[in-house]
Every structure is written in C-alpha cells, then in structure tokens.
Amino acid sequence: MKVMLNHPVREVEVKGPRRVREVLKELNLLPESVLVVRGDDLVTEEELLRDEDRIEIRPVISGG
Amino acid sequence: MRCRKCKAKAVLDIPRHHTAFCKACLTEFVCAQVERAIAEERMFTTTDRVLVAVSGGKDSLSLLDILRKLGYQADAFYVDLGIGEYSRQSKEKVERYTSAHGIPLHVHELKEDEGAGINDLADLVRRPTCSVCGTLKRYHFNRTAVEKGYHVLATGHNLDDEAARLLGNILHWQTEYLEKQGPTLPDSVEGFAKKVKPLYRLAEREIAAYAIVNGIDYIVEECPNAQGAKMLLYKDILNRLESESPGTKQAFYWGFLARQEADKQARPSMAEHDRAVLHPCATCGQPTTGEICSYCKLMARAKKDGPATTVSP
Ligand code: SF4
Ligand SMILES: [Zn+2]
Ligand SMILES: [Zn+2]
C-alpha cells in the first residue's frame, strides 16, 4: 500500500494486508502521536489495510 | 472496532477513557469536554465576547469551531509573524475558515506594525526567535482583546501542551512559572484580559481527530522555527509513557491542577498578587511588573540596534 507521511511530505510503500497497528509499528511511530486517514475517513488501529489502499499518516503533535 | 455509545463504526479509540467513538459521538465527546472545562474553570458564559487566538493550526481552528457550535460569541484574532510560506499558508487557512463561517477576524501584521517579521526582529535583539515570538504574541493577544472590548482571550492549548510545559518547568524547577499554568488566568488589573484554555481536557490527538471528521482545513505544516524544539521532545516522552500506561498525561496535569486548587486557601490569590505587582507600562500603558513592559523594551532595542547595524558610516 502507499503510505503518505508528513514533516516532510513523502511516500513509502508497505506490504498489505496489514492492520494499522502493525503498519505504525513497522514505521516506528507511536499510535498516540499520529492519526491514520484513508480517503476522507479516519481509521482505528484495528483497521485492516489492503495492498491497494492509499493512506495518510497525519502527525498530531505540534511544537509551537 | 465499534463506537461505545451507538455501535456504529469507530473512527478513534481513546485508551485513557477506555472508549472508542464514531464520527458523531466523537464530536459530541469533544464538545462535552470543552463545556465541562468552561464550567469547571468558570471561563465565560454565552453573554461574554470571546476572542480566540488562531494560528491556522488544528487546535485553534477547532476551538473556534467548537465554541461557535456551543453557542458562544467567539471571534478570531490572527498574528501574521511574517515567516514566508508558512505564514502565507496559515493565514490563508484562517481567512478561508472565518469567511466561510462569517466569523469576524482581526489581524495584526508584524511586518507593518513592528516593521519586520519575527526572524528579523529576533536577529535585531539577538534573542531566540521563539522567545521573542512568545513575548510579541502574548502582548498583542492581550492588547487586542482589551482594546476591542472582549471579555476573554482564549487559546488552543491542549492537554499535551500543558503537560509538556509542566514537565519542562518541573525539570528545571521553574516554580515561579507554575502558578501561571492554570487553564484560567484572571483579569486581575485594568488592561489585563482574562485568559482561558478551553481545550485543556483534550489530548492533541483527539482534537486533530475532531478537525478531520468535521472537515476543518488546517495547516499540517509546522512553523519552520519549531524544528527541534524542546516541547516536541517532552511531548514525545509523555506519549511514550501514555502508550505504556494510558491516562498518564491527564494524571500528571490534572493532578497538578487539583493540588494547586487545594493550595489556594493557604496563599494569597493570583489576582491579589497581580494587583500588588502590576502597573501600567510607562510607554504603552499595558500592565507590567517593570517600569517599561517587555514588549516596549524589545521594540526599543530593535529600533536602537536596528539602524546602527545596517547604516554604514
Ligand atoms: S515555533 Fe517559535 S517562531 Fe514559530 S510560531 Fe511557535 S513560538 Fe513563534
Ligand atoms: Zn457513536
Ligand atoms: Zn509597553
């Protein structure tokens, strides 16, 4: 699947099917620090992502 | 995962409350937490005029959205820091949101009124950018609220912001700052607006989720000056603890507030203390502890050092 990351904006490829929780673990991201968006929808850590999915991982922590 | 309230498909799990919500119930939860914060900390009522300091980020735009939804009279105030592309984009988000919802927006332009953007000003006075930025924003938030006749100035600080700041203050035992870390600061003297943080009961992640499910178009990009900021490190550490034991952040910050409340009886109130130490700045009239306020000192220094370093003999 295609995974879009922010700060800076970039795209990485992760093999599916896999749960959101596992994708975050693979990318070494804390669930508490990000949200996962597929299309226009937020998905929880349990969501199963397929190989053809395109998701965005949105950081929620700001430093200002 | 299902919504704990209505069994629809959940969009966000909230381990610290052992719950998960669908879109509609998440919005309801967030609004209820803000209502509770406003009531418990006696922030304002529907008859008060509230000025919300907006940056274009998720917290401040969501705060404006929530307050309006709850029926409060909330207007917006934006300080244009003149940080190139970042300021241009964040201002555009603010303008788009406020005009789409018919919300009055006040704007302060640093480049026009102080004569330079934040980076140049910080260079002129040779102080860290974020510290100069903090002084300028605090000053204009207060001044604009007072001059435009608002009862309260509201900022989008959330649970993560406050817990991280508390951690930083405690690590360095900056106990003099602890007193000012409550969600409500009184309008103790003439010229001093009441300051409130209605999002202090909500985690940053919950507010970002609110913004996304409510279609609020906010700036995801960070201020370029924030990179490597200490705050990000403290937040990351707290979130590691939170992931291991959900509820850590709220136990830390709310526990601090509860202790502070219990201590109150023993000490003179913040309002009494403020009245004893604050008086009008000799230059601009805004409340300060010194003879001249830190904003006026900063600007005097910028003017004095400014031309001297640029004009050649
Ligand atoms: S990161 Fe620093 S310069 Fe940027 S808005 Fe925050 S305080 Fe101001
Ligand atoms: Zn629901
Ligand atoms: Zn002054």
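Start by selecting H9(B), a helix that is mostly covered: ten of its ten residues are buried (buried means under 20% relative accessible area, exposed over 50%, partly exposed in between, with a 1.4 Å probe and protein chains only). Helices (H or I, at least four residues) and strands (E, at least two) are DSSP runs, numbered from the N terminus. What you have open is a predicted model, where local features need pLDDT of at least 70 and side-chain atom pairs count only at pLDDT 80 or more, while totals for chains, interfaces and linings use all residues. Residues are numbered from 1 along each chain as its sequence is written, chains are lettered from A and ligands numbered from 1 in the order in which they are written, and side-chain values use heavy atoms, leaving out hydrogens and water.

**Along H9(B)**

Then step on to Gly215(B), which follows H9(B) and has a positive phi, near 65 degrees.

**The cavities**

Keep Arg205(B) in view for the next stop. How many cavities of 30 Å³ or more does the structure hold? There are two. On a 1 Å grid over the protein atoms alone, a cavity is a set of points where a 1.4 Å probe fits but cannot get out, and a pocket is an open set with protein on both sides within 12 Å along at least five of seven lines; lining residues have an atom within 4 Å of a point. Grid points are joined across faces, edges and corners, and a volume is the space filled by probe spheres set on the points.

The largest cavity has about 90 Å³ of space. Select Val34(A), Leu35(A), Val36(A), Val43(A) and Arg205(B): of the 14 lining residues, these are the closest to its centre. Strand S4 (34-38) of chain A gives the largest share of that lining, three residues. By class, the lining of the largest cavity has ten nonpolar, one polar and three charged residues (Ala, Val, Leu, Ile, Met, Phe, Trp, Tyr, Cys and Pro count as nonpolar, Asp, Glu, Lys and Arg as charged, and the others, Gly among them, as polar).

The second largest cavity is about 60 Å³ in volume. Its lining includes Glu32(A), Asp13(B), Arg16(B), Arg205(B) and Glu242(B). S1 and helix H9 (204-213) of chain B are the elements that give two or more residues to it. Here the lining counts three nonpolar, no polar and six charged residues.

**The second largest pocket**

Now look for an open space: the second largest pocket, with a volume of about 840 Å³. Of the 28 residues that line this pocket, select Leu29(A), Ser33(A), Val34(A), Pro59(A) and Asp236(B), which lie nearest its centre. Which element gives the largest share of the lining? That is H10(B), with six residues. Helix H1 (20-26) and strand S7 (54-59) of chain A are also among the elements that each supply at least two. The pocket lining divides into twelve nonpolar, six polar and ten charged residues.

**Ligand 1**

Next, pick ligand 1. Eight residues are around it, and Cys130(B), Cys133(B), Lys137(B), Cys223(B) and Asn225(B) come nearest (a residue is near a molecule or strand if one of its heavy atoms lies within 4 Å of it). The surrounding residues come from chains A and B, so the site is shared between chains. Five nonpolar, two polar and one charged residue make up the shell.

**Two zinc ions**

Select ligand 2, a zinc ion coordinated by the SG atoms of Cys3(B), Cys6(B), Cys22(B) and Cys25(B), at 2.2 to 2.4 Å. Donors are N, O and S atoms within 2.8 Å of the metal (3.2 Å for Na, K and Ca); water is not among the atoms, so sites may look incomplete. Along the chain, the donors of ligand 2 follow the spacing C-x2-C-x15-C-x2-C. Cys3(B) lies in the segment before strand S1 (12-14) of chain B and Cys25(B) in helix H1 (residues 23-40) of chain B, so the pair ties together parts that are 22 residues apart in sequence. Cys3(B) is buried, with a relative accessible area of 1%, and Cys25(B) is buried too, at 9%.

Buried or partly exposed? Cys281(B) is buried, with a relative accessible area of 5%, whereas Cys284(B) is partly exposed, at 23%.
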